[in-house]
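Thank you for making time for this one. Let me put the sequence and the structure up, and then I will walk you through the pockets, the ligand and one loop.

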Amino acid sequence: MLRIILCGFGVVGQNFAKLLLSRSEDLYALHGLKLRVVGVFDSKGSAASSAGLDLNRLLEVKKKYGDIRKYHNKEKNANGLEMIKGMDAEVLIETTPSNYKDAEPGMSHIVNAMKNGLHVITVNKGPLALAFPSLIELATYNQVLLKFSGTVGGGTPIIDYAKNSLRGERIVSFQGILNGTTNYILTNMANGMTFKTALADAKKRGYVEADESLDIDGFDAAAKLVILANWIMDMKVTIKDIKRIGIRDVTTSDIKKATANNSAVKLIASCNKELLVAPQQISLDDPLCVNGTLNAITFNSEHSGQQTIIGRGAGGMETASSILRDLLDIRQEMSRR
Ligand code: HSE
């Protein structure tokens with residue numbers, strides 16, 4: 001039995017709850033995995049039960065009142081840190097929004113959980129972007145696991161592919177389209193829209209982060225690059241080490257020039273001689289050149305050459321499925337120990 005504390009009950013948190021409701025039987029039958037969500041908290045308050053929360057009721061309460069405190073019909077609830085420090089649980093799942101200034105509140109959740117002996121799964125990129133090397137050190141020191149497979153590629157297992165399927169290989173370099181929002185905007189610009197109209201359209205469809213700068217100015221792609229560089233290339237870097245140019249200054253004329261070259265402008269995150277996020281021309285024949293909100297990454301390895309993975313890089317249910325993947329890994333590692 002794994003007891004879970006869930007931080008954040010937004011799109012990803014709610015989809016995770018739905019996934020547990022629909023998958024609990026086969027997770028047990030196929031993997032012997034039993035999960036119990038004992039606590040959930042967000043910026044407003046919390047709901048908790050050591051016997052396990054009724055996730056149907058929690059989702060209903062959230063939908064009806066927009067406030068999970070109503071689960072208990074009482075005003076005073078434990079705050080997140082009290083819950084992390086005081087509740088018996090094995091895993092903390094961190095789904096609060098990424099921020100690249102101080103990474104809070106996710107950073108405090110993750111650090112306190114690991115200090116209290118909880119394994120952590122984060123889909124929040126902020127803490128990893130600002131402090132990947134020290135968070136890994138803290139996990140090792142406290143003998144807990146820090147898992148983050150949903151931070152790059154959403155449900156598409158980019159991190160696991162590079163780390164596990166390519167083990168024994170030497171990845172020499174990689175380059176990828178790691179931000180779906182900017183890819184959607186650039187795709188629409190290639191189809192004739194201006195940057196402004198394409199941005200407005202992406203906003204209307206709910207793709208753009210609440211702070212649009214995180215997508216448009218390349219912070220999100222840079223955070224993903226930090227995670228890959230540390231975990232796959234063994235570099236000790238943070239977001240300060242990334243040279244970052246967003247797509248704000250990409251003009252219609254840049255797009256036309258690329259089209260004339262049988263290419264497209266894409267926001268590329270690359271790890272080669274340097275760590276760089278910048279708009280670049282990519283040949284339309286290159287498998288990396290995907291359109292819409294898709295993500296893609298090409299790994300260049302010493303012995304097996306180039307491989308490209310393509311998939312949906314975001315979305316509530318997709319990201320929730322990556323959390324399930326991490327939970328299965330944690331369960332496996334716990335049995336091994
Ligand atoms: N804003 C991100 C994107 C969401 O557009 O790819 C997933 O990290």
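How much space lies in the second largest pocket? It is about 510 Å³, where a pocket is, on a 1 Å grid over the protein atoms alone, an open set of points where a 1.4 Å probe fits, with protein on both sides within 12 Å along at least five of seven lines, and where a volume is the space filled by probe spheres set on the points, joined across faces, edges and corners. Before going further, please keep in mind that this is a predicted model, in which local features need pLDDT of at least 70 and side-chain atom pairs count only at pLDDT 80 or more, while totals for chains, interfaces and linings use all residues. Residues are numbered from 1 along each chain as its sequence is written, and side-chain values use heavy atoms, with hydrogens and water left out.

Staying with the second largest pocket, 20 residues line it, and L145, L146, K147, W231 and D329 lie nearest its centre; a lining residue has an atom within 4 Å of a point. Two or more of these lining residues come from each of α5 (126–141), β6 (146–147), α6 (158–165) and α12, the helices being DSSP runs of H or I with at least four residues and the strands runs of E with at least two, numbered from the N terminus. Because domain 1 (2–154 + 316–336) and domain 2 (158–312) both give residues to the lining, this second largest pocket lies between them; the domain bounds come from an automatic or database domain assignment.

The largest pocket has a volume of about 1,300 Å³. Its lining has 49 residues, with V11, V12, P97, K125 and E209 the closest to the centre, and the largest share, four residues, comes from α1.

G180 has a backbone N or O atom 2.8 Å from an oxygen atom of the ligand, and a polar side-chain atom of K224 lies 2.9 Å from an oxygen atom of the ligand. In the side chain of D215, an N or O atom is 2.7 Å from a nitrogen atom of the ligand. On its own the ligand has 260 Å² of accessible area, of which the protein covers 86%, by the Shrake-Rupley method with a 1.4 Å probe.

Finally, the loop between β4 (91–94) and α4 (106–115) holds P105, which a cis peptide bond joins to E104, with omega about 5°. A103 lies in the loop between β4 and α4, and its phi is near 65°, a positive value in a residue other than glycine.

Note on methods. Polar contact = N/O pair within 3.5 Å; in protein donor to acceptor, adjacent residues only side chain to side chain.
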